Amino acid sequence: MRPNIENFIGCDSSYRAASIVLYGAPYDSTTSYRPGARFGPAAIRHESYGLETYSPYQNADLTDFDIFDSGDLELCFGSSESALSDIEGRAAEILADGKFPLLLGGEHLVTLGAVRAAVEKYPDLHIVHFDAHADLRDDYLGAKLSHACVLRRCHELVGDGRIHQFCIRSGDRAEFDFAAQHTELHKFDFTGLAELTEALCESRVPVYLTIDLDCLDPSCFPGTGTPEAGGVSFLQLLDAIRTVAKANIVAADLNELAPTLDPTGVSTATACKVLRETLIALDKGWPGFQA
Ligand SMILES: [Mn+2]
């Protein structure tokens with residue numbers, strides 16, 4: 001008999017052997033519209049048992065790789081700073097062990113903790129950001145630590161020209177003005193991603209990949225706190241993930257699934273599939289992988 005431990009399907013390597021380490025941040029205290037992203041990581045693990053470990057898209061199986069699922073952090077809901085510090089600590093530990101940290105949110109603010117750890121190890125870090133929202137507000141209702149401000153806080157860490165945003169279709173005028181000066185923002189879809197990836201590959205700079213699942217169209221992904229009509233399809237997102245995975249990605253996250261907002265369960269099933277394909281795409285690029 002074995003203890004009842006629920007990891008993401010196919011991710012049952014030991015920590016020591018693992019190349020990628022999953023960790024969950026079930027946090028949604030700054031969500032501006034519909035809360036529920038705190039239930040994302042657990043729902044993804046639970047529903048993953050409805051998913052095949054084999055990907056016909058990439059002709060690879062999660063069981064071909066060594067992936068460890070470290071479960072969820074226990075985070076303080078009343079203090080964003082305390083939650084971010086715990087996330088940063090976990091990411092730093094995984095990075096220090098020479099492994100790849102893959103964070104499951106939670107609302108998008110959790111990214112800031114992981115980026116703090118990544119930029120500490122890689123000062124020349126670039127960030128590739130898939131999202132419906134620019135997330136570049138300086139504050140939201142007075143709060144600097146809000147999921148609506150997360151890329152603005154990241155910009156304070158990495159500086160101009162290092163943040164590359166795709167699928168953006170929502171934000172106030174000031175955010176788009178800020179982006180024009182300080183980030184590389186691509187509206188609506190992944191136009192420009194192939195060219196960017198080529199440049200990132202040539203320079204071999206370290207890259208953090210943050211995927212807000214609300215970049216997907218709400219018709220296939222309604223289970224999220226701030227749905228925005230006019231998003232990309234699952235196949236477009238899959239293609240984008242496989243493209244950018246050719247760059248030197250050193251850490252990543254998937255966030256903003258709020259499973260209870262979609263009673264059909266399709267959003268959670270979609271998030272599971274995005275995670276499987278992301279793990280395979282990233283792991284194929286890992287130095288230890290033999291095709
Ligand atoms: Mn978003």
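## Charged groups over aromatic rings

A charge is taken to sit over a ring if NZ of Lys or CZ of Arg is within 6 Å of the ring centre and within 35 degrees of the ring normal. In this predicted model, Arg38 meets that description with Phe77, lying over the face of the ring at 4.0 Å from its centre.

Another arginine is placed in a like manner: Arg152 has its charged end over the ring of Phe178, at 3.9 Å from the ring centre.

## Aromatic pairs

A pair of aromatic rings is described by the distance of the centres and the angle of the planes. The structure holds six aromatic pairs. One of them joins Phe130 and Phe190, whose ring centres are 4.8 Å apart and whose planes stand at 75°; the pair is therefore edge-to-face, given that angles over 60 degrees are classed in this way.

Phe130 and Phe190 are both buried. Together with Phe166 they form a cluster linked by ring pairs.

## Cysteines

A disulfide is a covalent bond between the sulfur atoms of two cysteines. Zero disulfides are found in a search of the whole structure. What keeps Cys215 from bonding to Cys167? The closest cysteine sulfur to that of Cys215 is in Cys167, at 4.8 Å, which is too far for a bond, because a disulfide requires the sulfur atoms to be within 2.5 Å. Cys215 has a relative accessibility of 0% and therefore counts as buried.

Cys272 likewise takes part in no disulfide, and the nearest cysteine sulfur, in Cys11, is 11 Å away. With a relative accessible area of 1%, Cys272 is buried, as the term applies to values under 20%.

## Helix packing

Two packed helices are described by the angle between their axes and the distance between the axes. For helix H2 (residues 80-96) and helix H3 (residues 110-121), the axes come within 7 Å and cross at roughly 40°. H2 is therefore oblique to H3. The handedness of this H2 and H3 crossing is right-handed.

Helix H6 packs with helix H7 (residues 234-244) at an angle of about 15°, and their axes are 9 Å apart. H6 is therefore roughly parallel to H7, because angles under 35 degrees fall in that class. The crossing of H6 and H7 is right-handed.

Gly106 is located in the loop between strand S5 (100-105) and H3. Its relative accessibility is 0%, so Gly106 counts as buried. Gly106 and Tyr27 are 79 residues apart along the chain, and their C-alpha atoms are separated by 4.7 Å.

Thr278 is part of helix H8 (residues 266-284). The relative accessible area of Thr278 is 1%, so this residue is buried. Between the C-alpha atoms of Thr278 and Tyr33, which are 245 residues apart along the chain, the separation is 27 Å.

## Backbone geometry

Most residues other than glycine have a negative phi, and most peptide bonds are trans. The peptide bond from Gly105 to Gly106 is cis, with omega near 15°.

Which residues other than glycine have a positive phi? Among them are Asp135, with a phi of about 55°, and Leu141, with a phi near 55°. Asp135 lies in the loop between S6 and helix H4 (150-158), and Leu141 lies in the loop between S6 and H4 as well. Asp135 has a relative accessibility of 7% and so counts as buried, whereas Leu141 is exposed, with a relative accessible area of 78%.

Conventions:
Residues numbered from 1 in each chain as written. Predicted model: local features only at pLDDT ≥ 70, side-chain atom pairs only at ≥ 80, totals over all residues. Heavy atoms only, no water. Phe/Tyr/Trp six-rings, centres within 6.5 Å; stacked < 30°, edge-to-face > 60°. Buried < 20%, exposed > 50% of the residue type's maximum accessible area, 1.4 Å probe, protein only. Axes fitted to C-alpha atoms, helices over the stretch in contact; angles between N-to-C directions. Helix = DSSP H or I, 4+ residues; strand = E, 2+ residues; numbered from the N terminus. Parallel < 35°, antiparallel > 145°, perpendicular 65-115°, else oblique. Left-handed = near helix turned anticlockwise from the far one by under 90°.
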